[in-house]
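Let's take a friendly walk through a protein fold, one piece at a time. Keep the picture open as you read.

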Amino acid sequence: MTEAEGAPVTGGYALVVRFTTRDADAAREFDALVARTAEGIRTEPGTLVYVAHVPEGEPLVRVFYELYADRDAFEAHENQPHTKHFLKEREQHLTSTEVTFLNEQTGKRPAMEGTT
């Protein structure tokens with residue numbers, strides 16, 4: 001059975017991160033930091049999805065969805081200079097950070113290297 005026919009999706013390493021910024025100015029500064037960081041993330045081969053969202057009605061909150069090819073790709077992402085810079089600089093803009101690691105069950109996602 002193929003993924004499209006309803007078989008469980010396997011592989012990948014995903015997380016959701018919820019950031020709450022201090023105020024509107026901090027939110028703008030955080031967004032600029034994210035934009036600069038995203039330039040480097042775009043070249044990471046194992047980073048399949050890295051998207052920042054603003055929840056409706058929560059202008060000071062940012063929710064990131066991140067999907068990596070596997071745990072090694074996540075670790076490679078974490079060790080990039082642009083990511084290390086982001087991790088160091090983000091705290092000055094935030095009041096809280098919540099990280100949720102996800103176990104994939106089923107769904108549709110980008111094809112991963114080495115799959116058909």
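## The sheet

In this predicted model, four strands come together as an open sheet, and their order across it is β2-β3-β1-β4. The pairing between the strands is antiparallel. As a general point, strands of a sheet pair through backbone hydrogen bonds, and they can do so in a parallel or an antiparallel way.

Which strands stand at the edges? They are β2 (47-53) and β4 (94-102), and each has a single partner strand, so one side of each is left without a neighbour in the sheet. From one strand to the next, the twist averages 15 degrees.

## A closer look at one pair

Now find β1 (residues 13-21) and β3 (residues 61-68), which run antiparallel and are joined by eight bridges. To see one example, look for Phe19: its bridge partner in β3 is Arg62.

## A helix across the strands

Next, turn to helix α1, which covers residues 24-41. This helix lies across β1, β2, β3 and β4, and it runs at about 15 degrees to β3.

## The whole chain

Stepping back, the protein chain has three helices and four strands.

How much of the protein chain is buried? Of its 116 residues, 35% are buried. The chain exposes about 7400 Å², with carbon and sulfur atoms supplying 52% of that area. Finally, consider contacts between residues at least 6 apart in sequence: 73% of these join residues at least 24 apart.

Note on methods. Residues numbered from 1 in each chain as written. Predicted model: local features only at pLDDT ≥ 70, side-chain atom pairs only at ≥ 80, totals over all residues. Heavy atoms only, no water. Helix = DSSP H or I, 4+ residues; strand = E, 2+ residues; numbered from the N terminus. Buried < 20%, exposed > 50% of the residue type's maximum accessible area, 1.4 Å probe, protein only. Contact = heavy atoms within 4.5 Å. Areas by Shrake-Rupley, 256 points an atom, 1.4 Å probe, with all protein chains shown as cover. Pairing = 2+ DSSP bridges. Axes fitted to C-alpha atoms, helices over the stretch in contact; angles between N-to-C directions.
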